[in-house]
Each structure stands twice: as structure tokens, then as C-alpha cells.
Amino acid sequence: MAKIIENPLNTSVSIGSLTLKNPITVASGTAGYGEELSGFFDISRLGAIFTKGLSIKPRVGNKGNRILETPSGVLNSIGLENVGLEKFLKEKLPFLVKMKATVIPNVAGHSEDENIELCSVLSKTPGISAIELNVSCPNVKEGGMAFGTNLAVFSRLIENTRKVTTCPLIVKLSPNVTSIAEFALQAEKLGADALSAVNTFVGMKINIKTGRPHFINKVAGLSGPAIRPLAIRAVYQIYEKVTIPVIGMGGIANLEDVIEFTMAGAAAVSIGTMNLVDPSIAVKLIDELESYLQKNRIQNLKEIIGTAHTGKGLSQCST
Ligand SMILES: Cc1cc2nc3c(=O)[nH]c(=O)nc-3n(C[C@H](O)[C@H](O)[C@H](O)COP(=O)(O)O)c2cc1C
């Protein structure tokens, strides 16, 4: 009698030439350089680790207050503090490679030239799986969000970075624009392999004792569950416009949130602020997602990507 071989569960995600083993990743700036999380779990289990925004020279970050808890989230004004390219390549990357992690550096130069130089060097470096171009940091005066909120500047940067790298290029979008889908479409047209959505929303806190803003930069980036409905809306709108994969993030705190982002159109997701609450959350979600798919007889994750758009829905999935 012929043996029935069940198809194995497929949760892999393709980003250009890269295949992520599963769709659960950790978001830039909330997972350091992997060492910080490796004490909690085996980081090779992650779909990918997006490392802290990188510049050529080390950056000390912003002065004054840097992080503040808000209702269901945090405001941060870190200012892209990072070890710089040389130390990243000499000290941080070898550890990640040794741990067999899928490494995606987040490129965050001050200028277009710096971003081009970073992409060029990183794409020739063994151990780098893809590059995430950060055009959306609200906490720096040069670069950052200035790249991601002006379509002409955004387009030139992507066009020029695309020329210097054959590595999968992921563009991290700013939600602080009128139409995020317009930026997404432009990135796709200029050769981006995937999009990360979203970075933090510009927010503010006033200290009522001093009557002054809490942060020296006045504004800061809001993240965490407080932004989740805004991020879901952004992913939904982007999915309507592009065919490249979207990596969804913004307040993911549990399995329901992962499924919701997937149904809105995310091919993969990133856990950000919630790593600060539970450093093991990402690996727990990998296991929970597998059980969910098995329980609901979904063999391939792709079956649920973007179902919110088709109107077909699923026959009552249970978590
Ligand atoms: C403390 C902190 C630092 C961050 N640093 C970066 C960074 O260096 N580069 C970047 O692209 N995004 C950075 N982000 C944004 C996150 O990667 C993520 O896009 C955002 O926080 C939304 O996801 P979340 O709500 O799950 O945190 C940072 C967020 C936080 C909270």
C-alpha cells in the first residue's frame, strides 16, 4: 500500500534572492547586534535579525532623555547610536555569523554618499544576507526621515544605492507621509526587493513641571502596540499597490497580531518594542505560528498573506 506523505509546513519567505526560513524577524534598534538576545534563545531560529542603524563612523546618539514609556508604547530619541562600520565588521558580524544568524544590517548614513558607501561595502561582505535602507529615522537632524518623506530625495537615494549592490535591498518606509503607498510603489519601481513598514511615528511629550519638551530634539518616535492599527493600515495600503514582499511591524505583541499583519499583506513581520518587554517573544511566536498553521491545516504561510484583500477569508481559523 502506498504510504501517504504529508507535505511539510512551509513558512519560508523569499526576498529577492534570499529565503528566510520563517517570517518572524526582530526589528532594527530593538535587538542590538544579536548578542543581547542570544542569552535568551538561539538567534539562528529567527527569520532574520535586523541590526541597529549603522553609520560609517560610530555615533554617540542624542543627549538628554532617550526613551519614555507612553500608554501602550514608547517614545524614543536614541539618535542612531551605533558602533560604526569598522567595529560592526570586526566584532559584531563575526559573532552573528558564528551563531548562524541571518543578518540584515540597517543602513542609516547621514548623507546619500554615506549610504551608498555603506551599501557598497556591506554587499561585498560575506555573512550579510540583505541590506535594509533606513530612510525613516525621526530622531536625527541629518539623513533619516529627510530621505523618506520627500519623494524626489527618496527616489534618488534608492536609484543610487541600487546601482552599488546586488544584495537584496529592503527599503524601510516612514509612516510620516500623506501616502505611504506612493513611496512603496516608487521604491518597487526603482528596484527595491522588499519594503519594511513601518518605522516610528513622530510624537512628542511635554514635561508639565518645566513646561518644556521632554526630549532635547523636541520630537521623538512612537512605537509599540499604540501604533498597531496605524501600521496595519499602512501595510494594507502598501499591499494594494506593490507586488514585492512587505515586512510588517508596529506593536506586534502576540500571535494574533502576527496573523493580522499577515492577512493585511505582510509576507514577514518584525518584532520591535515588545523585545524590550519580553526578549524571548520572537522565538515564542515562531513556535506559536507553526502550531497555529498546523491546527488550522494551513500548509503554506502564503495561503494567508493578504487574505484581507480578497474577501475570501478562511473558514473560521482558531488560535
Ligand atoms: C529604541 C528603539 C530604537 C530603534 N532604532 C531603530 C533603528 O536604528 N533603525 C530603524 O530602522 N528603526 C529603528 N527603530 C524602529 C523599529 O525598528 C520599528 O520600526 C518600530 O519601533 C515599530 O515597531 P514596534 O512598534 O514593534 O517597535 C527603533 C525603535 C525603538 C523602539
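1. Let's start with a term: a salt bridge is a side-chain nitrogen of Lys or Arg within 4 Å of a carboxyl oxygen of Asp or Glu. Aspartate 278 and lysine 284 meet this rule, with N and O 2.7 Å apart. Aspartate 278 is partly exposed at 23% relative accessibility, and lysine 284 is partly exposed at 41%. Here, buried means under 20% relative accessible area, exposed means over 50%, and partly exposed is in between (1.4 Å probe, protein chains only).

2. Before you go on, note that this is a predicted model, in which local features need pLDDT of at least 70 and side-chain atom pairs count only at pLDDT 80 or more, while totals for chains, interfaces and linings use all residues. Residues are numbered from 1 along each chain as its sequence is written, and side-chain values use heavy atoms, with hydrogens and water left out.

3. How many salt bridges are there by this rule? The count is nine. One of them joins aspartate 287 to arginine 45, with the closest N and O atoms 2.7 Å apart. This pair links distant parts of the chain, 242 residues apart: aspartate 287 sits in helix α9 (residues 281-295), and arginine 45 in the loop between α1 (35-38) and β4 (48-50). Helices (H or I, at least four residues) and strands (E, at least two) are DSSP runs, numbered from the N terminus.

4. Another salt bridge pairs aspartate 257 with arginine 228, at 3.2 Å between the closest N and O atoms. Aspartate 257 belongs to helix α8 (residues 255-264) and arginine 228 to helix α7 (residues 228-241). Is aspartate 257 buried or exposed? At 4% relative accessibility, aspartate 257 is buried.

5. Now for the ligand: 23 residues surround it, and the closest are Ser28, Lys172, Gly224, Gly251 and Thr273. To count here, a residue needs a heavy atom within 4 Å of the molecule. A polar backbone atom of serine 28 is 2.7 Å from an oxygen atom of the ligand, and one of glycine 53 is 3.1 Å from a ligand oxygen. Taken alone, the ligand exposes 610 Å², of which the protein buries 97%. Accessible areas come from the Shrake-Rupley method with a 1.4 Å probe; for residues, only the protein chains shown count as cover.

6. Finally, the cysteines. The structure has zero disulfides (pairs of cysteine sulfur atoms within 2.5 Å). For cysteine 119, the nearest cysteine sulfur belongs to cysteine 167, 8.8 Å away. Cysteine 119 is buried, with a relative accessible area of 0%, and cysteine 167 is buried at 9%.

Definitions and conventions: A polar contact is a pair of N or O atoms within 3.5 Å; within protein, one must be able to donate a hydrogen and the other to accept it, and residues adjacent in sequence count only if both atoms are side-chain atoms.
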